[in-house]
Amino acid sequence: MKTYVQPGEHLTLTATAAATAGQLVKVGAIVGVAQNNAAIGDSLTLVRRGVFEVTKTSAEAWTVGAKVYLDEAAGSVTVVDTDNTLIGVATAAAANPSSSGEVLLDGVIR
């Protein structure tokens with residue numbers, strides 16, 4: 001097909017903020033895990049789908065299948081939906097307190 005560009009699982013974009021490999025990043029409405037370090041203006045490859053260990057809001061307990069949201073202001077993932085972006089679901093229980101949790105990023109643009 002002449003118009004097909006790529007599968008879209010990994011997108012290379014221009015970083016709008018500094019990013020570290022492994023960090024959950026949002027560029028516009030696109031959320032993914034940074035595959036490389038990038039300064040503002042550098043090429044940044046985001047992995048949009050898969051299971052990742054991410055920084056979570058420590059004072060929350062997660063259950064398997066709970067919807068999780070990116071809290072950009074806090075730089076972490078939360079189960080609180082208010083003013084946050086839905087990014088997927090928890091794939092493992094996470095205790096309160098704990099600093100990280102497993103998340104299935106679904107790759108959907110919201």
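Start in the loop between β7 and β8, where you'll find Asp83. (Strands here are DSSP runs of E, at least two residues, numbered from the N terminus.) Check the backbone of Asp83: phi is positive, about 60 degrees, although the residue is not a glycine. Asp83 counts as exposed because its relative accessibility is 77%, the cut-off for exposed being over 50% relative accessible area with a 1.4 Å probe and protein chains only.

Before you go on, a word on the model: it is predicted, so local features need pLDDT of at least 70 and side-chain atom pairs count only at pLDDT 80 or more, while totals for chains, interfaces and linings use all residues. Residues are numbered from 1 along each chain as its sequence is written, and side-chain values use heavy atoms, with hydrogens and water left out.

Next, select Asn96 and Pro97. A cis peptide bond joins the two, with omega about 0 degrees. Pro97 sits in the loop between β8 and β9.

Now show the strands. Five of them form an open antiparallel sheet in the order β5-β9-β8-β6-β7, where pairing requires at least two DSSP bridges between two strands. β5 (49-55) and β7 (76-78) are at the edges with a single partner strand each, so one side of each has no neighbour in the sheet. From one strand to the next, the twist averages 45 degrees (axes are lines fitted to C-alpha atoms, and angles run from 0 to 180 degrees between N-to-C directions). Zoom in on β6 (residues 67-71) and β7, which pair antiparallel over three bridges. Pick Leu70 there: its bridge partner in β7 is Val77.

Move on to the other sheet. Four strands form this open, antiparallel one, in the order β1-β4-β3-β2. β1 (10-14) and β2 (24-27) stand at its edges, each with a single partner strand, so one side of each is left without a neighbour in the sheet. The twist here averages 50 degrees from one strand to the next. β2 and β3 (residues 30-34) run antiparallel and are joined by four bridges; select Leu24 and you'll find its β3 bridge partner, Val33.

Which residues lie nearest its centre? They are Gln23, Leu24, Val25, Lys26 and Leu70, out of 21 lining residues. A pocket, on a 1 Å grid over the protein atoms alone, is an open set of points with protein on both sides within 12 Å along at least five of seven lines, and lining residues have an atom within 4 Å of a point. The space in the largest pocket is about 300 Å³, a volume being the space filled by probe spheres set on the points, which are joined across faces, edges and corners. β2, β5, β6 and β7 each give two or more residues to the lining, with the largest share, four residues, coming from β2.

Last stop: the one cavity of 30 Å³ or more. A cavity is a set of grid points where a 1.4 Å probe fits but cannot get out. The volume of the largest cavity is about 80 Å³.

Technical notes: Buried < 20%, exposed > 50% of the residue type's maximum accessible area, 1.4 Å probe, protein only.
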